[in-house]
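This report covers local geometry, strand pairing and helix packing. The sequence and structure come first, and the text follows them.

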Amino acid sequence: MRRPLSVPARLAAAAIILVAATACGDTTTNPNPNGFDATAVLADAPSKVIFPTYVDLEAKANLLHTAVVTLDASTTDDNLAAAQEAWRATRRPWEQSEGFLFGPVETEGIDPSIDSWPVNQADLNAVLASGQPLTKASIDGLEGTLKGFHTIEYLLFGTGLKTAAELTPQELEYLLAVTESLQGAVTQLRQAWDPADGNFSATVATAGQSGNSVYTSQSQALQELINGMIGICDEVGNGKISDPFDQQDRSLEESQFSNNSNADFADNIRSVQNLYLGQYGTSSGTGIRELVQAKQPSLDATITAQTQAAIDAIGQMTPTFGQAITSNQAAVEAARAAVGTLRQTLESQLLPLASQ
Amino acid sequence: MSRVGPSLLLMTLALVAACSDSTGAGGGGGGGGGDDDELALAGGTMTVFDATSTAFKSPAPNLSQESLDRHIAGDAQFEATFVSAPAPVNPGLGPVFDNTACGNCHINDGRGLAPAPGQPSPSLLFRISLAGAGEHGGPLAVPSAGTQMQQRAIIGAMPKGSGAVTFEEVPGQFDDGTPFSLRRPSYQLTGGSAPLPGGVLVSPRVAPPVFGLALLEAVSEQTLLVAADPDDRDGDGISGRANYVWDPITGATEIGRFGWKANSATALQQTAAAYNGDMGVTSSYFPAEPCEGEQAGCDRHDPEVSDEIVGLVQHYIRTLGVPARRSLDDARARRGETVFANAGCAKCHLPELRTGTFAEVPEAANQVIRPYTDLLLHDMGPGLADGRPDFLASGSEWRTAPLWGIGLTAVVNGHTNFLHDGRARNLMEAILWHDGEAAGAKTKVLGLSQADREALLAFLGSL
């Protein structure tokens with residue numbers, strides 16, 4: 001789900017203004033931020049983190065569709081549970097991609113097809129009742145709020161403890177088509193970054209080189225990556241946690257049917273960790289950490305510890321986030337604070353390192 | 001919710017002020033006065049130094065705490081996705097609409113993309129009307145279809161129609177023999193809930209960037225009229241007319257500032273009209289659904305979004321910062337600034353305007369800004385004409401588009417499509433579409449050397 005980016009963006013602006021204003025007009029591009037050669041970081045962020053994340057997302061989405069095919073063929077509680085797990089498994093790489101919500105996922109308008117929220121339940125019920133044939137093409141033509149993760153979540157998990165017996169033939173037909181539609185959307189995203197296809201990866205990797213009209217300096221591309229990390233911390237702390245918590249309203253919880261919020265939030269912070277360390281799964285390379293080690297080594301331990309602390313604090317919102325907002329408020333406060341602390345560090349200490 | 005610490009905020013303001021104070025007022029309209037520090041501040045004190053994909057969606061750095069709080073709340077509303085009623089969250093979509101969230105058209109608060117041939121585009125809409133003037137001098141609504149052809153509908157309702165584009169390549173060449181090609185669009189509209197009558201006038205329009213609007217609102221009407229020359233008394237072939245439009249919120253005729261034909265008076269009118277026309281979300285300002293009287297389900301008058309929320313979004317777009325100009329020490333880009341002025345571009349794309357008092361957003365008041373627009377209407381010739389009058393704007397007149405931030409379009413939006421329907425595939429094509437009052441400027445651009453053309457583009461890329 002795309003949420004606003006105001007607070008970090010504002011702070012980013014303030015931080016950069018401090019730099020620029022101090023130099024009074026020295027605002028032009030320079031290939032390297034403060035003499036730091038970011039070539040390895042900018043090559044590995046796409047090749048070792050971002051693209052592998054999208055490859056995994058596509059693989060997991062394929063498995064989700066397969067699980068739904070199995071569920072349709074044999075509508076048992078076990079197969080429903082397997083499909084639900086396949087949804088959670090697909091959710092993981094997606095949430096771990098939300099630390100880099102820039103590039104094709106935004107500019108090609110892909111995000112709404114994957115992660116629109118809320119679900120348009122009134123229209124979904126109308127489609128289910130209509131009896132019209134449901135295919136990937138017909139689902140592709142619907143609004144984002146009738147497809148993607150949360151529509152699939154609603155159909156698989158329902159509003160209570162859904163059983164296989166409760167799945168209607170129409171719901172199964174919808175699930176088959178909507179999971180195939182999700183496959184298409186995540187494939188489009190993978191292709192957009194694929195070196196053998198759209199290759200937005202090269203746009204990041206060649207930042208500052210002649211002919212790159214998107215990122216005319218390495219500094220600009222590094223700031224893009226760090227703004228993404230800041231942005232997801234803002235979204236988790238000030239949106240995903242705060243909206244349902246402050247208003248004490250579970251209907252504002254994003255993954256409310258699956259109770260998957262704690263996993264969602266933790267994976268969001270892991271996306272920050274992945275970019276920082278330059279890794280995804282077994283893939284690893286040079287992360288943004290190298291910038292810190294070159295420019296301000298003392299900051300490394302702070303970022304590493306605060307990232308882990310945020311992930312840990314999110315895990316303490318037991319038994320589920322939806323219940324914790326009323327029954328375990330201290331844990332919710334602590335998780336929000338931990339995410340906020342990390343965000344503050346990224347904004348006030350990491351981002352300036354990427355400025356010229 | 002975390003906030004900018006007051007000390008950081010104050011320090012930022014102080015430093016910006018120190019830079020601003022280091023020079024006198026910039027030169028007026030000539031294209032290049034003032035020193036580099038000053039020139040970087042495209043949005044005056046509302047300038048943001050961000051050249052990433054968030055460049056258009058950052059709050060101005062000089063907002064008061066209360067103003068920032070409202071901006072953040074407005075940001076959330078700008079991104080809110082609407083669904084069909086009844087629903088616990090964001091009900092009220094449709095029955096007809098063109099998109100489901102402000103941010104789905106104005107991606108990253110930036111510029112919409114032209115559709116591919118035969119494909120729909122989520123960020124292009126079709127205004128429609130019949131010849132003649134309607135109520136208050138505005139476009140004459142098409143019976144049973146109104147003034148916008150919404151292409152989407154909730155389940156159970158019918159879209160008003162659908163549109164598709166095809167392109168024809170039109171070759172041309174610069175005076176030095178270098179060839180170019182422009183793509184001329186033609187649009188095929190198909191009626192939906194009602195057939196479209198013959199003679200319907202169609203204006204395709206992509207979503208424009210939405211930042212810096214308080215600054216444009218803060219330029220006084222008097223200031224804008226100084227630049228106007230409706231009868232071309234100075235004989236330079238450029239007139240420049242203000243549009244005057246009916247504002248249903250104030251119930252008065254006001255000078256138009258926003259929209260491709262300056263057909264909207266204020267950010268509030270623009271916001272409320274977009275909720276209504278683009279998402280089918282009614283408000284007290286526009287209580288009727290955009291399909292009222294045209295099909296079932298369109299006749300309820302109950303505000304689906306509160307005045308408070310409309311006001312938050314209004315405040316959000318007013319207080320988005322303006323990205324700073326870059327590459328001020330790049331000799332080629334600086335030379336391009338001179339090329340721009342010498343070609344006459346700066347006669348309409350005014351490099352500087354001064355804002356006046358503006359009590360509603362004091363952060364925008366009384367400063368020099370560099371929007372590269374006069375907010376006036378100019379006849380751009382038959383090639384760009386949509387043939388659809390909009391209040392005082394003729395079928396071939398368009399508002400001078402602001403150029404601030406235009407060099408960041410690729411990083412913000414992943415494309416470089418420009419003009420009202422995104423037909424230009426890059427900035428040079430956008431220039432070459434200019435005609436009418438801009439014919440002289442275009443002729444000069446056609447006569448430029450390749451080096452000067454590249455300098456001109458480098459300058460535009462630095463904005």
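## Disulfide and backbone geometry

A disulfide joins B:Cys291 to B:Cys298, with an S to S distance of 2.1 Å; a disulfide is taken as a pair of cysteine sulfur atoms within 2.5 Å. The torsion about the S-S bond of B:Cys291 and B:Cys298 is about -90°, so the disulfide is left-handed. By this rule the count over all chains is one disulfide.

The model is predicted: local features need pLDDT of at least 70, side-chain atom pairs count only at pLDDT 80 or more, and totals for chains, interfaces and linings use all residues. Residues are numbered from 1 along each chain as its sequence is written, chains are lettered from A and ligands numbered from 1 in the order in which they are written, and side-chain values use heavy atoms, with hydrogens and water left out.

Helices (H or I, at least four residues) and strands (E, at least two) are DSSP runs, numbered from the N terminus. The peptide bond from A:Thr318 to A:Pro319 is cis, with omega near -5°. A:Pro319 sits in the loop between α14 (298–315) and α15 (321–327) of chain A. In chain B, a cis peptide bond joins B:Ala85 and B:Pro86, and omega is about -5°. B:Pro86 belongs to the loop between α3 and β2 (96–97) of chain B.

B:Asn108 is not a glycine, yet it has a positive phi of about 55°. The residue B:Asn108 lies in the loop between α4 (102–105) and β3 of chain B.

## Strand pairing in chain B

Strands of a sheet pair through backbone hydrogen bonds, either parallel or antiparallel. Two strands are counted as paired if DSSP finds at least two bridges between them.

An open sheet of three strands has the order β4-β3-β8 in chain B, with antiparallel pairing. Its edge strands are β4 (139–140) and β8 (201–206) of chain B, and each pairs on one side only. Strand β3 (residues 124–133) of chain B pairs with β8(B) in the antiparallel sense over six bridges. Within this pair, B:Arg127 stands opposite B:Ser203 in β8(B).

Strands β6 (residues 161–173) and β7 (residues 179–191) of chain B run antiparallel and are joined by 13 bridges. B:Phe167 has B:Pro185 in β7(B) as its bridge partner. β6(B) and β7(B) form a hairpin with five residues between them, and B:Gly177 in the turn has a positive phi of about 95°.

Strands β9 (residues 244–247) and β10 (residues 252–255) of chain B are also antiparallel, with four bridges between them. B:Val245 is placed opposite B:Glu254 in β10(B). The hairpin of β9(B) and β10(B) has four residues between the strands, and there B:Gly251 takes a positive phi near 65°.

## Helix packing

Axes are lines fitted to C-alpha atoms, for helices over the stretch in contact, and angles run from 0 to 180 degrees between N-to-C directions.

| Helix pair | Axis distance | Angle |
|---|---|---|
| α2 (residues 39–73) and α3 (residues 77–95) of chain A | within 8 Å | roughly 165° |
| α3 (residues 65–79) and α8 (residues 307–319) of chain B | 7 Å | about 105° |
| α9 (residues 331–342) and α13 (residues 450–461) of chain B | within 7 Å | roughly 100° |

Angles under 35 degrees count as roughly parallel, over 145 as roughly antiparallel, 65 to 115 as roughly perpendicular and the rest as oblique. How are α9(B) and α13(B) oriented, roughly parallel or roughly perpendicular to each other? α9(B) and α13(B) are roughly perpendicular. Residues of α9(B), including B:Arg332, B:Val339 and B:Phe340, meet residues of α13(B), including B:Ala451, B:Phe459 and B:Leu460; contact means heavy atoms within 4.5 Å. By class, the contact of α9(B) with α13(B) has nine nonpolar, one polar and five charged residues. Here Ala, Val, Leu, Ile, Met, Phe, Trp, Tyr, Cys and Pro count as nonpolar, Asp, Glu, Lys and Arg as charged, and the others, Gly among them, as polar.

The axes of α3(B) and α8(B) are 7 Å apart at an angle of about 105°. That makes α3(B) roughly perpendicular to α8(B). Among the contact residues are B:His71 and B:Phe78 of α3(B) and B:Leu312 and B:Tyr316 of α8(B). The contact of α3(B) with α8(B) divides into seven nonpolar, seven polar and three charged residues.

In chain A, the axes of α2(A) and α3(A) cross at roughly 165°. That makes α2(A) roughly antiparallel to α3(A). Contact residues include A:Leu57, A:Leu64 and A:Leu71 of α2(A) and A:Ala83, A:Trp87 and A:Trp94 of α3(A). By class, this contact of α2(A) with α3(A) has 14 nonpolar, four polar and two charged residues.
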